[in-house]
Amino acid sequence: MANTDLIPVAALTPAEFGALADVPPELEWLGNIPNKKTRRAYKIDVTEFSRFAGFKAPAELRTVTRAHVIAWRTALEKRDVAPSTIRRKLSAVSSLFDYLSERNAIAGNPVDGVKRPKSNGNEGSTPALGDEQVRRLMEAPPANTLKGVRDRAILASLLYHGFRREELCKLRIGDLQTRQGVMHFRVEGKGDKIRYVPAHPTALRMIAEYLEALRHGGPQEESDREAPLFRPVKNNRTRTLDRPLDPGSLYRNIVIKYGRETGIQAEVNGLCVHSMRASAATNALSHEADIAKVQEWLGHANISTTRLYDRRGSKPEESPTFAVKY
């Protein structure tokens with residue numbers, strides 16, 4: 001290759017090279033976490049643990065023993081911190097020590113063997129909607145406005161595919177792709193992992209109606225294919241519409257708005273965007289979808305997370321309540 005084809009890169013000075021070599025592995029671990037939210041949460045948890053132990057510098061974490069971790073867990077329990085939060089905090093610290101072990105900075109992970117608080121049960125706490133509630137919610141947006149058509153397409157995409165709200169907001173028009181003759185969503189999940197989810201015909205129909213309303217029906221130009229699939233219909237602050245829909249707006253202006261209008265918010269304690277994901281997973285499992293396939297479909301790293309949505313053993317209609325007769 002000719003030299004003209006090479007991209008010039010500024011060389012590190014000896015001082016810069018030495019500074020990078022001195023970066024503590026504790027900071028390397030944090031920088032290697034790809035997801036911004038996870039990185040922020042783990043940083044908060046490890047900082048909290050360091051303050052509890054009285055550490056002033058990252059290198060002091062290498063002196064931690066299992067007794068330190070148990071004392072921290074006990075202190076969290078005395079503060080009535082939720083068991084799920086304690087488990088997350090212990091996972092954060094354990095992730096750091098796993099990294100330090102791999103770098104031979106410590107002999108072993110002091111979190112190993114520390115008992116984690118039990119979960120509140122085998123069932124997830126996120127409420128799932130019933131079939132009739134799902135139909136009410138999807139029919140709530142008006143069919144004669146651009147926002148209404150968009151919102152119907154969004155709700156259908158959530159309820160038929162179990163997307164996380166960030167996943168839905170990241171979708172581009174070009175992420176609707178044909179694979180083996182079937183239309184799929186190309187989904188960018190946690191940790192930048194890509195998965196392909198077959199598109200449900202009902203959702204596809206509603207998306208087509210929305211794209212037609214946006215004048216994006218028919219063949220797409222490359223520039224259009226890179227455009228956000230779901231975008232604002234108005235923006236009073238910046239006037240910019242060619243940008244992805246904000247996850248907070250998805251919660252406030254779609255799920256909560258129509259949940260309130262239909263009365264579902266009053267019926268379902270804790271209604272949120274994740275309720276759409278829980279509804280999709282619970283419905284698929286109730287109709288005998290293979291749990292391993294559901295795990296892949298949802299983008300779960302561990303099947304134990306998928307099992308939180310498996311409520312086949314706790315169907316309300318099978319409760320002994322309805323066997324009582326006086």
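## Close-up views of a predicted model

**View 1. Tyrosine 42 is a buried residue, with a relative accessible area of 18%.** Buried stands for a relative accessible area under 20%, exposed for over 50% and partly exposed for values in between, using a 1.4 Å probe and protein chains only. The model is predicted, so local features need pLDDT of at least 70 and side-chain atom pairs count only at pLDDT 80 or more, while totals for chains, interfaces and linings use all residues. Residues are numbered from 1 along each chain as its sequence is written, and side-chain values use heavy atoms, with hydrogens and water left out. Rings of Phe, Tyr and Trp (its six-membered ring) are paired if their centres lie within 6.5 Å; planes under 30 degrees apart are stacked, over 60 edge-to-face, and the rest tilted. Four aromatic pairs are counted by this rule. The rings of tryptophan 29 and tyrosine 42 form a stacked pair, because their centres are 6.2 Å apart and their planes stand at 15 degrees. Tryptophan 29 belongs to helix H2 (residues 25–31) and tyrosine 42 to helix H3 (residues 36–53), so that the pair links distant parts of the chain, 13 residues apart; helices (H or I, at least four residues) and strands (E, at least two) are DSSP runs, numbered from the N terminus. Tryptophan 29 has 6% relative accessibility and counts as buried.

**View 2. Phenylalanine 163 and phenylalanine 185 make an edge-to-face pair, because their ring centres are 5.1 Å apart and their planes are at 80 degrees.** The two residues, 22 apart, link distant parts of the chain: phenylalanine 163 sits in the loop between helix H7 (146–161) and helix H8 (165–170), and phenylalanine 185 in strand S2 (residues 182–188). Phenylalanine 163 is buried at 1% relative accessibility, and phenylalanine 185 is buried at 0%.

**View 3. Phe185, Phe230, Leu250 and Met276 touch the most other members of the largest nonpolar core, which has 48 residues.** Two or more residues of this core come from each of helix H6 (131–139), H7, H8, S2, helix H9 (201–213), helix H11 (247–262), helix H13 (273–286) and helix H14 (291–298). A nonpolar core is a set of buried Ala, Val, Leu, Ile, Met, Phe, Trp, Tyr and Cys residues joined through side-chain atoms within 4.5 Å. In soluble globular proteins, nonpolar side chains tend to be buried together. Neighbours within four places in sequence left aside, phenylalanine 230 has contacts that include Arg150, Ile154, Leu168, Tyr210 and Pro244; contact means heavy atoms within 4.5 Å. Another core, of 24 residues, lies apart from the largest one and has Trp29, Val46, Leu61 and Val93 among its residues.

**View 4. The second largest pocket has 17 lining residues, of which Asp131, Val134, Leu159, Ser279 and Asn283 lie nearest its centre.** On a 1 Å grid over the protein atoms alone, a pocket is an open set of points where a 1.4 Å probe fits, with protein on both sides within 12 Å along at least five of seven lines, and lining residues have an atom within 4 Å of a point. The space in the second largest pocket is about 380 Å³; volume is the space filled by probe spheres set on the points, which are joined across faces, edges and corners. At least two lining residues come from each of H6, H7 and H13. H13 gives the largest share of the lining, six residues.

**View 5. Arginine 179 is placed over the face of tyrosine 196, 3.8 Å from the ring centre.** A charge sits over a ring if NZ of Lys or CZ of Arg is within 6 Å of the ring centre and within 35 degrees of the ring normal. Glutamine 180 is in the loop between strand S1 (176–179) and S2. Its phi is near 55 degrees, a positive value in a residue other than glycine. Glutamine 180 counts as exposed, at 84% relative accessibility.

**View 6. Aspartate 80 lies in the loop between helix H4 (66–78) and helix H5 (83–102).** Although aspartate 80 is not a glycine, it has a positive phi of about 60 degrees. Aspartate 80 is exposed, at a relative accessible area of 69%.

**View 7. Leucine 204 is a residue of helix H9.** At 26% relative accessibility, leucine 204 is partly exposed. Neighbours within four places in sequence aside, leucine 204 is in contact with Leu176, Met183 and Ala199.
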